[in-house]
Amino acid sequence: MKILVIGYGSIGKRHIKNLLSIPKMEVIVLTKQKSSDAILKKCSVHNILKDCILEKPSAAIIANNSSEHIEVALKLAKEGINLFIEKPLSNNLKNIGELSKTVKSKKLLTMIGCNLRFHPCIKKIKQLIDKKTIGKILSVQVESSSYLPDWHPNESYSKSYAARKDLGGGVILTCIHEIDYLYWFFGMPYSIMSQSGKFSTLKIDVEDLSLSIIKFPKNLLAELHLDYFQRPDIRKCKIIGTKGTIMWDSKSNQVKLYNSGKNHWTIKLAVKNYDRNDMYVDEIKHFLNCIKQRKQTINPLYEGIETLRIALSIKKSSKTGRLTKV
Ligand SMILES: NC(=O)c1ccc[n+]([C@@H]2O[C@H](COP(=O)([O-])OP(=O)(O)OC[C@H]3O[C@@H](n4cnc5c(N)ncnc54)[C@H](OP(=O)(O)O)[C@@H]3O)[C@@H](O)[C@H]2O)c1
């Protein structure tokens, strides 16, 4: 199989390494960078998109800056190339309708790279919710906190897409994983009340904190905390239902279930020494498998559009100071 990877940044490199570990995989790379390295030497490298398309890839992984995803996705879709688009789908809704129409008319398979859907603990929580283990869910608290300069200590964080408005950064869009899994668990929310902004002294021109209250169907309220300035980093999820509570955090990597009737906690899943790369390997294998079998992926374009709409509603509510209908 031939796969095209757009962009040779941090996530592009990860995808290429993972692809090259699959037997009989041919990787084409589009990058503006001139210098080559050991990984690129194993790929067919171009700096013009047209030359990549001439190689007739079965699919493309779009891993450039968030604000540039749609432009290249649209060109590839028109050529009938299946699409894996890194999160977030984009930083606005421009040309999304056209991309959607093209994907439909060309019958393309699409997937958004929200790899937390492949994290064993997030998958376990989804199973517990779907089995109604804790009865009717009443409220949810979700947190994703980290310190932006720690992400890539050898690079200048201020220059990264995550820190820059023009490249589609900011904590809301960049840390959209939590919004994606809330949508995956509970569906499309009705409304959002949010406050977001820049509160730290980080040298960035985007929001570094976002606090939201999100109203989901079935009268379920979720609290979402996203920040760029917390050390140590942590991801957490607590879901409270009429019959119990589910809890997970990224430090313990345990999914715990509290049974209100029996008044005790049990550990439903404990993942030791988790290798984060496993999520990325699993998501790419899932995508390639769906292409081979011509079946819908776990997170197709329309779900990426919904998740982007939620993120943009969080931004809108923060700007207007009002409850925003999604
Ligand atoms: N799913 C996830 O967990 C995850 C994780 C990280 C990022 N992402 C998403 O993936 C996208 C890209 O993120 P990223 O972290 O890979 O960003 P990045 O490392 O800053 O790379 C972004 C772009 O900058 C250029 N670039 C990178 N390193 C360069 C260098 N040394 N010299 C010159 N140009 C360089 C590359 O373009 P050229 O190759 O054309 O030069 C690359 O496509 C974003 O949309 C982000 O949200 C997803």
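Let me start in the loop between helix 2 (49-54) and strand 4 (59-62), because that is where Lys-56 lies, and in this predicted model Lys-56 has a positive phi of about 55 degrees although it is not a glycine. While we are on the backbone, there are two cis peptide bonds to point out. One runs from Lys-87 to Pro-88, with omega near -15 degrees, and Pro-88 is found in the loop between strand 5 (82-86) and helix 4. Another runs from Arg-231 to Pro-232, with omega near -5 degrees, and here the proline sits within a strand, namely strand 11 (residues 229-241).

Let me turn now to the domains. The domain assignment of the protein gives domain 1 as 2-108, and domain 2 as two stretches, 119-275 and 306-325. Taken over C-alpha atoms, the centres of domain 1 and domain 2 are separated by 27 Å, and the contact between them takes nine residues from domain 1 and eleven residues from domain 2. If you look at the side of domain 1 that touches domain 2 and sort its residues by class, you find two nonpolar, six polar and one charged.

The shell consists of 20 residues, of which the closest are Gly-7, Tyr-8, Gly-9, Ser-10 and Thr-31. By class, the shell has four nonpolar, 13 polar and three charged residues, and its largest share, three residues, comes from helix 1.

Helix 1 (residues 10-20) also has a helix partner, helix 9 (residues 277-293), and the axes of the two come within 10 Å and cross at roughly 65 degrees. That angle makes helix 1 roughly perpendicular to helix 9, and the crossing of the two is right-handed. On the helix 1 side the contact is made by Arg-14, His-15, Asn-18 and Leu-19, and on the helix 9 side by Tyr-280, Val-281 and Ile-284. Sorted by class, this contact has four nonpolar, two polar and one charged residues.

Next, please look at helix 3 (residues 69-78) and helix 4 (residues 96-105), which pack at an angle of about 25 degrees with their axes 9 Å apart. Helix 3 and helix 4 are therefore roughly parallel to each other, and helix 3 passes helix 4 in a left-handed crossing. From helix 3 the residues are Ile-70, Ala-73, Leu-74, Ala-77 and Lys-78, and they meet Ile-96, Glu-98, Leu-99, Thr-102 and Val-103 in helix 4. By class, this contact holds seven nonpolar, one polar and two charged residues.

The last pair is helix 8 (residues 177-186) with helix 10 (residues 301-320), whose axes come within 9 Å and cross at roughly 120 degrees. How, then, are helix 8 and helix 10 placed, parallel or oblique to each other? With that angle, helix 8 and helix 10 are oblique, and their crossing is right-handed. Here Ile-179, Asp-180 and Tyr-183 of helix 8 meet Glu-306, Thr-307, Ile-310 and Ala-311 of helix 10, and the residues of this contact divide into four nonpolar, one polar and two charged.

Notes. Residues numbered from 1 in each chain as written. Predicted model: local features only at pLDDT ≥ 70, side-chain atom pairs only at ≥ 80, totals over all residues. Axes fitted to C-alpha atoms, helices over the stretch in contact; angles between N-to-C directions. Helix = DSSP H or I, 4+ residues; strand = E, 2+ residues; numbered from the N terminus. Parallel < 35°, antiparallel > 145°, perpendicular 65-115°, else oblique. Left-handed = near helix turned anticlockwise from the far one by under 90°. Contact = placed C-beta atoms within 7 Å. Nonpolar A, V, L, I, M, F, W, Y, C, P; charged D, E, K, R; others polar. Domains from an automatic or database assignment. Near = placed C-beta within 6 Å.
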